[in-house]
Each structure stands twice: as structure tokens, then as C-alpha cells.
Amino acid sequence: MLERLQHRLGLQTIPGVFFSSAAIAALFVALAIPFDQAVASSFGQLTGWVARNLGWFYILAVSSLLIFLLGLALSRYGSIRLGADDSRPDYSNLTWFTMLFAAGIGTILMFWGVAEPVSHFANPPFDGVQGGTEQAATDAMTIALYHFGLHTWTIFAMPGLAIGYFSYRHSLPMRISSLFYPILGERTFGPWGWAVDVIAVLGTLFGVATSLGLGTLQLNSGLNYLFGVPSAGWVQVLLITVIASIAATSVALGLDKGVRRLSQVNILLAIVLLLFVFAVGPTVFIAEGMVQSVGDYFDALPWLAFWTETFRESDWQRNWTLFYWAWTISWAPYVGIFIARISRGRTIREFVAGVLFAPTAFTLVWFGIFGLSAINVEMNGLVALADQVQRDPSVAIFAFLDVFPLAEAASALSVVIIVIFFTTSSDSASLVIDMLTRRDDQPSLIRQRIFWAAAQGVIAATLLLAGGLDALQNVITSLGLPFCILLVFMAVSLYRALHADYRGYSVDELVRGRAFPEVEADSEPKQEKGYVPEAADRD
């Protein structure tokens, strides 16, 4: 039946993955609009249960994966390439970095770069620390770097490395289900593999929708500051519609013409904003603080990475760390596939070093400039940023910029950066979801990519109308758990395959006796069972 529906609609998909994902997303929207309070309450209760009973699992899993990736990079497997042994990277280091960063956490840094350090400075999470003190400032920066540094990029790097390895080294389809081929065998191309890909699609849809929702809140605040546009639900829905339209145009252009150019422009604009704040802000204080914050971060990282609030009853970790990990995990399928797509030819050592440390270095600079400047503004009483953050974190960056010269110009530049980060996140996700829902030997249809871009906008608008920031946090904390479990199994599957590869054995010989496609990395991708090539409808 699904096959007939696909042919009638003129689509090129894996029907079980495409229609299941679309149906579940549509069901959520259909229930959330008329029963918004009930849906928000249900996810709130589910989030509370996950935080109380499985919060430790999030903390342990992400920190263990960081150790695993560093171990791989330093091990004998570090020299294995994502592709044939003689392959080389498709993109320069600079282009590679701008693309993975803009599609990764650019929107998040714009939202939390000021809001998070100021929040922790005013309300420290650790016992015995008074808000507004030197220790509170030190802890605030350490926590912000913990949330957006190596751990965040570990969550992106794990699926990115595994997908790149299995796709370019063993010519498996570039989908999350391919990572489980050593475990599932040929069942990867049936219902078991489809179920994995549906989880990945839904995680991507809701993860990106959460970011679009936060970006819309911040964009609304910026337009309110600049032009007096009211902060209201209808304005936010209109903004999502406009940005989704821009993203649809970009996604129609593809990876090189759309995403790459937008990413490069946005990184340049972000650097201009960074240099502006560094120049007009407390420059010496920022420079000194950045150096000290790096040391504080790496000093605290060993214990902070495994801190679970065991001896205190608090919702702090649920509202911050668990939300961030779940949010980032929900992005992991899309960012992982996107990073893999642009990382062909790199060694495992190059991949891990680049994906973990290059964006983390930029994050250190970003929080060093914005976070330390914001703390300085709060300490000197120039603006009550902490009060602003408590009322509405989306307005924090604009209230912060208001104390500097050329405040309106800087705020306008921030709005442009938010819009482009918004767009690159959406169009990159649409490209990846399309890859997850079709076979490699099927063409990528423009209308399918546009459909997924529109779906992200609809879900983002629904979440905002169903409860705003609280709804965004609760939904994503709950839905991140299934993919967190998949991340752990990914690491096991990748290690077993690498061990076989290094020793010259096939996975058939070393892992569970299942067949594995031992083909040249540059050959045509493996054709999946049940697919009969048809005339390509390429739009």
C-alpha cells in the first residue's frame, strides 16, 4: 500500500521510513494544537521521570563516548581513513570548519552566549557559592564551557565518524541504520533498520524544531528592540514561515550552492560581531578571563563530567545539563550525517581532532568574549542582565549590546546572524532527513527536501504555541533518550568493525559470522534488496 502511495505521489523514498516519520510528526501536530495543555503536561511529567531515573545515564553515556573517541584517535585505528587508503579530503580545513560549525551549534551560541553565564553568575548551582561573587563568575564560565565544549561535539562526532567510516570505507548507505550492519546484518535493510532511521528522523525533526523555536523567540526579541515589533505568538509563527521559506530556497540549491555559501558568510559575520564586542568591551578583562577560563574548564572537567547532583535535591541539572545533552543528542543524526558528508578522505585522528577541538576552541572564544563581557556588565550594574534573563532569556543578547556604542547596528547584525544560522540549520537538516528517508540509488527530489523544511517549521510553531520555552525543553529531553541509547550501540559497532578492518579480517569472520560488503571504497554504493531502478524524476 505504501509503495502504491509513493508512486502515486511521485516520490523516491523508503516508504516504511518516510511515511512512518511523516505520520508520527503529523499526529503530534494534530494532537498538540487542540490539546496543547494536555500535551505539554504529559511531556512535563515524562521529562520529570527521565530526569529522576535516567539522568545519570545521559551523563555517563556522553562522558564515556568522549573518552572512547579520544582513545580511538590516539590508538592504532587513528590512521584509518574515511574512504580508500589513498583518498584525501574533499574540502579545505577552513571550509570544513565553517560548514560543520554553522550547521552545528551556531544558533545555540547566539541564544545562550550571554544568557547562560549571567544566569549561573546570579544563581550559582553549587552549594556554598554566593551569587555575584568571583567564585560564582568562575563557576559560571566553567559550566557554560562544559555545556558547549567537548561534550557537545562528542555527541556530534560519534555518529559522524561512524557514518563516514561505514559509508566511505564499506560503501553502506549513508543512514543511521547502516551503523548497525555488523549487529543486524541484512535486517538493516528491513523493519529493524527502518525503525532506527525513523528514530533518527524524528529526533532530527524535533531537535531542529527546538532550535528554530529558540531562534524565533530571540529573533522576535531583536525585532521588538529594533523596530517595536510586538512579542506575540502570531509574530513568531510569521517569522518561522518566512525563515522556513528562505531555508526551502537554500535547500533546493543543495549542499555546495546553498549551505556552504551561507555557512561561510555567517561565520564571517559572527567573527565581525565577536571582534566588535572584544574591541568596545573590557578588552583586557576579556583576554585575562579567557586564559583563566580555559584552565578552570580543563581543571574541573574530570569531576564535572561525572557530576550527577547525587547529594542534593535540585532541578538544576534537569533544566540545564540534561536538557542540553538531550537537545544535542536529538541533533546528532542530522549533524552527524552532515559532518560525515563533508569529511570524506580524512583519517580518524584528523576527524576526531578537528570535530572535537576546532569548534570547542571557537566556543571558548565566543563565551570568553560574550560571557565575560556580560558578567562584567552585571558586576558593574550597567544593566540588570540577570533579571532580563530570568524573565526572558531570548532578549539577553540585545539588552547586553545596548550598553555599547553602535548598539542598534550591533543588534541588527545579530538579527542577520540569527536568521542565517536559523536557515543553515534548517536546510542542512532537510538535506539529511531526505537522505535518511530514501535509498542512496534514488535521486534526491527537491519537493521532498522542501517538505521536510516545512515540517520543521510547523513543528517549531506548534511547540511555541503549546508552551513556549518550557514545552521545547520538555519535549526534547524526553525524545533524546532513545537516540542516546543508539549512540552507545554505535560505539560498540564501530569498534568491532575497526578491529576487523585493522587486522585484515572481514566483519563476517570476526563479528557474529554475518556477511559484510567487502568492496572498494570508491565503488558504487550497495544496492538494497527490493529496489528496482526506475526513471529518475529529478525535478
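**Close-up 1. Packing of helices H1 and H2 in the predicted model.** Helix H1 spans residues 2-9 and helix H2 spans residues 15-32. Their axes lie 10 Å apart and meet at an angle of about 80°. Angles of 65 to 115 degrees count as roughly perpendicular, and H1 and H2 are therefore roughly perpendicular to each other. On the H1 side, the contact is formed by Leu2, Glu3, Leu5, Gln6 and Leu9. On the H2 side, Pro15, Gly16 and Phe19 take part. Sorted by residue class, the contact of H1 with H2 has five nonpolar residues, two polar and one charged.

**Close-up 2. Crossing of helices H6 and H12.** Helix H6 covers residues 134-148, and helix H12 covers residues 316-341. The two axes come within 9 Å and cross at roughly 35°. H6 contributes Ile143, Tyr146, His147 and Phe148 to the contact. H12 contributes Trp316, Trp320, Thr321, Tyr324 and Trp325. Seven of the residues in the contact of H6 with H12 are nonpolar and two are polar, with no charged residue.

**Close-up 3. Helices H11 and H18, the two ends of the confidence range among the elements of the protein chain.** Helix H11, residues 283-304, has the highest mean pLDDT, 95. Helix H18, residues 507-510, has the lowest, 47. For the protein chain, pLDDT averages 83, and 89% of the residues score at least 70.

**Close-up 4. Residues 510-539, a stretch where pLDDT stays under 50.** For residues 510-539 the model has 81 contacts beyond four places in sequence.

Notes: Residues are numbered from 1 along each chain as its sequence is written. This is a predicted model: local features need pLDDT of at least 70, side-chain atom pairs count only at pLDDT 80 or more; totals for chains, interfaces and linings use all residues. Side-chain values use heavy atoms; hydrogens and water are left out. Axes are lines fitted to C-alpha atoms, for helices over the stretch in contact, and angles run from 0 to 180 degrees between N-to-C directions. Helices (H or I, at least four residues) and strands (E, at least two) are DSSP runs, numbered from the N terminus. Contact means heavy atoms within 4.5 Å. Ala, Val, Leu, Ile, Met, Phe, Trp, Tyr, Cys and Pro count as nonpolar, Asp, Glu, Lys and Arg as charged, and the others, Gly among them, as polar. Angles under 35 degrees count as roughly parallel, over 145 as roughly antiparallel, 65 to 115 as roughly perpendicular and the rest as oblique. pLDDT is the predictor's confidence in each residue, from 0 to 100.
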